[in-house]
Amino acid sequence: MELHLTARQTRLWQRLLALTRDQLMGLSMQIESTGHVDSEMLTTLAQQFGLDEPLPNDRLSQRVLCTLALAQSSAGLAQIFASNWQVEDIVLTFGTPQQRQRYFTQQRIFGLATLPSQVTTSSTVTATPVTAGWRLSGTVKAVLNVAQATDYLILAQTPSDAMGTFMVAADQPGVTVGSQVIPLGLHGLAMADIQLTSVPVTAAEQLGQLGRGQQVMQRAQSLGQLFAGAITAGIWQHATDQTRQLTLTEQPPLADLSPVLALTAALQTSVFNAAQQADDERSFTNAAQLAALFASQNALTPFEKLMPLMGELAYTQHSPLVALRNDVAALPLIVGTTAQLALTFAATSLNDEDADVPTTGGRAVPEHLVVADLHRVVKRLNLTKDVPVNVGSIATAKRIVALGRGAMEPAVLLQAQQLAKWIGAAIAVTQPLTAMEQFSVEQQIGAMAVTVAPEVLINIGVAGDDDYLAGMAGAQHVLSVNVDEQAPIFNHSQQIFVGAAAEFLAGMVAALN
């Protein structure tokens, strides 16, 4: 494979080829005959890949190399790992540091619904707010890795039409796996619907901000298209190798093999370049879509070229090309048909629509506010309308004004309380303020304290440590105020005000008047 690999990637590629040659041959035959892959086998293989650490700068390039190598032995096994790596990437991109530590402390296998076309604007799973978070109910269609998954990535819709993504443990009460669907190829891949019945989740299980669930799943979809291209390239290489080994004549002339070799090299280059773009935190969606479309349009072309070279064997049940053709033919179940892929590519590329998804960090650039903008903010967030008389606890409040170290001055506290009263918001605090006489631990936001999911959260002087960020992850709209323009809270906010808390609060009170 003629790719521009670093020295470390070259060593990885050589190790992967040795692994597929020396150890996966027998395993792939076992998978083809039994159609089953157990979790222990996957854990062992992951360790042999040397990919236990999920955070290298070139992690997606590494995953693509692994997929290319695996698919040269078992396309089903390659798809199992690819689906797992899609969710792994979502946790790393959109998750908090605490979530990253939680889901990568030990080896896990993730389940993911197939995303064969544009992510729909609605979900068959609904998230009903409760005191401790949400309860998920509904059906998730065609989930991959159901036989091995420890956790599922779920897209759900809240009553306010905000889409959210949640991690749900496979052994959680209320999770039921339906009858498995047996695909035409990709043996070993377990696929089935799952039913969720009042499954409890908290902010600690929510990935990304509420309302950005589609954005999360669109990135997962783009990665699925990227991996599908890599799997197709691996299958084509496998078919070429089998033809060379089983041809009934001398080695086929290079002229006969060159069309297939050219297609394979072009697709390998395409998927690897797209992975490099993602690792470099550049737009990669169009590149991934193009690779998947190219793979789908040419899916069976290599077999048309190779079968005559193998002689009569190619047209019997003993031909290895039959199973490989079935593997390629099953991929539309995962990423969609050629027509669907073409439509998706056209919508995001030819129409000049910016449908790219975020890279590492998973956050859109926040809007910077000044005092003159606050009248517009009050209007946009409807802060003067539907003001609740009884705001309740911070766990159930629809509006929250949260106070941190930067809001401890008496004059600022008074202004913040006045703002909260006028907009019908509950007052919440960070841990340092719980030591003050007027506040209590019941008002503290945090994964280890109270998790919240308000429609509007206004942070005043909050820096945003990991515990606080996990506790506020359920907020739909976050506006944060801090004098430090590098405050972590700004990376998790839609709107930010860099300046003194007193200046912001005076501007908000004036805007409300």
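Two residues are in contact when heavy atoms of one lie within 4.5 Å of heavy atoms of the other. In this predicted model, contacts between residues at least 6 apart in sequence can be sorted by how far along the chain they reach, and 72% of them join residues at least 24 apart.

The overall picture comes next. The secondary structure of the protein comes to 17 helices and 14 strands. Its radius of gyration is 26 Å, close to the 24 Å that the globule rule gives for 513 residues, so the protein is as compact as a globular protein of that length. Along the principal axes, the C-alpha atoms fill a box of roughly 90 × 40 × 40 Å. Of the 513 residues, 56% are buried.

Two pairs of helices show how elements pack against each other. Two packed helices are described by the angle between their axes and the distance between the axes.

The crossing of H1 and H4 is right-handed. On the H1 side the contact is made by Arg 8, Gln 9, Leu 12, Trp 13, Leu 16 and Thr 20, which meet Ser 61, Gln 62, Leu 65, Cys 66, Leu 68, Ala 69 and Leu 70 of H4. The residues of this contact divide into eight nonpolar, four polar and one charged.

Another pair is helix H15, residues 410-423, and helix H17, residues 501-512. Here the axes come within 10 Å and cross at roughly 30 degrees. H15 and H17 are therefore roughly parallel to each other as well, and their crossing is left-handed. From H15, Val 412, Gln 415, Ala 416, Gln 418, Leu 419, Trp 422 and Ile 423 take part; from H17, Ala 501, Ala 502, Leu 505, Ala 506, Met 508, Val 509 and Leu 512 do. The residues of the contact of H15 with H17 comprise 12 nonpolar, two polar and no charged.

Thr 264 has its place in helix H8, which spans residues 254-279. Is Thr 264 buried or exposed? Residues under 20% relative accessible area count as buried; Thr 264 has a relative accessible area of 2%, so Thr 264 is buried. Leaving aside residues up to four places away in sequence, Thr 264 touches Ala 233, Trp 236 and Gln 237.

Conventions: Residues numbered from 1 in each chain as written. Predicted model: local features only at pLDDT ≥ 70, side-chain atom pairs only at ≥ 80, totals over all residues. Heavy atoms only, no water. Axes fitted to C-alpha atoms, helices over the stretch in contact; angles between N-to-C directions. Helix = DSSP H or I, 4+ residues; strand = E, 2+ residues; numbered from the N terminus. Parallel < 35°, antiparallel > 145°, perpendicular 65-115°, else oblique. Left-handed = near helix turned anticlockwise from the far one by under 90°. Nonpolar A, V, L, I, M, F, W, Y, C, P; charged D, E, K, R; others polar. Buried < 20%, exposed > 50% of the residue type's maximum accessible area, 1.4 Å probe, protein only. Rg over C-alpha atoms; globule rule 2.2 N^0.38 Å.
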